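Hi,

Here is the structure I promised to pass on. Have a look at it first, and then read my notes below.

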Amino acid sequence: MEDIKSTIKDYILKEFLPGEKPDNLTESTPLVTGGILDSIATLKLVSFLEERYGIRVEPHEADVDNLNTLNDIERYVQSKLPNA
Amino acid sequence: MNVTREILHYMLQDAAALWPDRIAVEEPGMGTITYRDLEQLSGQLCQHLLVKGVRRGDRVGLYLEKSIDAIASIFGVLRAGAAYVPVDPAAPFARNEGILKSCGVAAVVAQQPHAKALSDSWASEQRPHIVALEKTGGGDSLRAALENEQVNASAAESDPAVAPNDTAYILHTSGSTGRPKGVVLSHQNAAVFVNWCRETFQPTPEDRLSSYAPLHFDLSILDVFLSISSAATLVLIDSKTAKAPKALAAVIPQQRISIWYSTPTALMLLMQADLRQYDCSFLRIVLYAGEVFPLGPLRELRKLLPGVTFYNLYGPTETNVCTFYRLPDQISELKESVPIGEPCPYARTKVVDEDGQTVAAGEMGELLVAGGSVMHGYWAGAESRADPFALDSAGERWYRTGDFVREDADGNYRFLGRRDRMVKKHGYRVELDEIEACLHRHPAIKEVAVVGVDNSVAGMQITAFVASPGALSIIELKRFCVENLPAYMVPDFFRFHAVLPKTSTSKIDYTSLKATLQNEAAA
């Protein structure tokens, strides 16, 4: 479980927050409403999730409800995995 | 529809008289509205505004998602003789509030919760009239809002006379002083452009035009007024669909789009979906503007859409579109980049050097534009540092675009770069100075320099170099920015220095900062 969150955390730190202290990015840091994920960054994250986890993200799902925090993203990815 | 109109809302009136039952606007998933009903709904809003004291020459804010309600509101405001001031409902409230207050709006049509917030933000004696919509979509909320506050029928007033020089709308672009700049455009400024579009693209009532751009963005002028003046159908694309490649691509077959207009960024987004899976056979014209379309992706798009005519349109918000270029059928004929083309017939252009002297054809200089589509000026209180106009010896005003161009042997202009510190990101104009002005307000920041580097892979990327006494969190800085700026203006990257490098004249050395980024990208 922790694995999904830390994988995504590493990806977001590397792609969108290079130079940030990893501890500053918490499970509940707002990503979309916090200006970290704009529309293009959200698309990149979605492609990453689709590739990494073999899931399909519907356009209407790529929104603030599912992607705003690491907790949200983990919950969303788990709900899309076959054994959820 | 052969009448040429100089007043924008007469275009709707003509279409409603000739084609009352045709669909004027389709809002996928929410409904459609006929020309008769659009004319009627906008007329109701016009009456409402007049009774509430709105007068010819006033400004009326629109704080609405793109919707049938919003399109009806545009025409209602124009018909009342006022200018509409659209704001981005996704932008921070404080920014929008600032725009509406600086424009001294006499009324605002706003959806909740913004209507309530606006109402609270003005002292009661200064508060403009607010038409509050519960939500937007399909036109029902506007109808309901007007019925709730029904104006006395006996108080009905006749529509005020409107002249071509009256202000029709004020669009706000990123301003170098750190405040958005209001570009004031008249009915005539827009109508000469729209009427030229009708002659050039020949839309018919059978056409269905995409409305991709948000209504506070100048590309929306073509969408709304070309479609309505042609009695065609305007298909609204909401902000969510606009960002999702597959949903966006699906709009083309589902809505049988025949004329598409957007930024190259949006077209490249479309290409992320496999366009071959979508039936694009209704599509006959693709127009793009707002930024340079890289040649590689453009070639690919041409291959995916055989039989479609492509036009590159060029023009700052201040001039409307002023040059155009029809792409050749064989794009392999194009070598370095797509030209921005030749002047539209209503525009006059010249290329000048730093002293304002016209340069010889083939030489680089700044593009100046005069003619019927050029704005009267910026809204008072939002002047830029420098006069945006150059006066020639005959006293004619030429708008200085800040764009460097060259005139090629075939008479087409080619875009070479920007004069100042304005960059394009995702098709939006961004004044780097506005981002700096925002970060300067952060209490822990001592120095800041914002640099944009255009990367062929990632597009425009904005980096903020920051000097501060203590350690700062990037997350915290991004949050600070997004509370004060639209999301596309939040810097992609932050770098921290003890002090920023300086030039010999003690100015921040932007050249070396930019070179650092470019060298890293090249490494």
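The accessible surface of chain B comes to about 21100 Å², and carbon and sulfur atoms account for 49% of that area. Bear in mind as you read that this is a predicted model, so every value here is computed from predicted coordinates.

Staying with the overall picture of chain B: 58% of its 523 residues count as buried. Its C-alpha atoms fill a box of roughly 70 × 60 × 55 Å along the principal axes. In secondary structure, chain B has 14 helices and 26 strands. Its radius of gyration is 23 Å, close to the 24 Å that the globule rule gives for 523 residues, so chain B is as compact as a globular protein of that length.

What about contacts along the chain? If you take the contacts in chain B between residues at least 6 apart in sequence, 65% of them join residues at least 24 apart.

Chain B is also divided into domains: domain 1 covers 8-239, domain 2 covers 315-418 and domain 3 covers 422-522. Between the centres of domain 2 and domain 3 of chain B, taken over C-alpha atoms, there are 29 Å.

Which side chain does E26(B) join in a polar contact of 2.9 Å? That partner is the side chain of R208(B). Leaving out residues up to four places away in sequence, E26(B) touches G31(B), T32(B), R208(B), T233(B), L234(B), V235(B), L236(B) and Q255(B).

Now for the charged pairs. Side chains of opposite charge can pair when their charged atoms come close. Over all chains, the structure holds 29 salt bridges, and I picked out a few of them for you.

In chain A, E61(A) forms a salt bridge with K80(A), and their closest N and O atoms are 3.1 Å apart. E61(A) lies in the loop between α2 (39-53) and α3 (64-67) of chain A, while K80(A) is in helix α4 (residues 70-80), so the pair ties together parts that are 19 residues apart in sequence. Are these two buried or exposed? E61(A) has 16% relative accessibility and counts as buried, because the cut-off for buried is under 20%. K80(A), with a relative accessible area of 26%, is partly exposed.

Also in chain A, a network of salt bridges links K5(A), E27(A) and E74(A).

The side chains of K116(B) and D120(B) meet in a salt bridge of 2.6 Å, N to O. D120(B) counts as exposed, at 52% relative accessibility.

The other pair is E476(B) and R479(B), whose salt bridge has its closest N and O atoms 2.9 Å apart.

Cheers

How values were computed
Residues are numbered from 1 along each chain as its sequence is written. Chains are lettered from A and ligands numbered from 1 in the order in which they are written. This is a predicted model: local features need pLDDT of at least 70, side-chain atom pairs count only at pLDDT 80 or more; totals for chains, interfaces and linings use all residues. Side-chain values use heavy atoms; hydrogens and water are left out. A polar contact is a pair of N or O atoms within 3.5 Å; within protein, one must be able to donate a hydrogen and the other to accept it, and residues adjacent in sequence count only if both atoms are side-chain atoms. Contact means heavy atoms within 4.5 Å. Domain bounds come from an automatic or database domain assignment. Helices (H or I, at least four residues) and strands (E, at least two) are DSSP runs, numbered from the N terminus. The radius of gyration is taken over C-alpha atoms; the globule rule is 2.2 Å times the number of residues to the power 0.38. Buried means under 20% relative accessible area, exposed over 50%, partly exposed in between (1.4 Å probe, protein chains only). Accessible areas come from the Shrake-Rupley method with a 1.4 Å probe; for residues, only the protein chains shown count as cover. A salt bridge is a side-chain nitrogen of Lys or Arg within 4 Å of a carboxyl oxygen of Asp or Glu.
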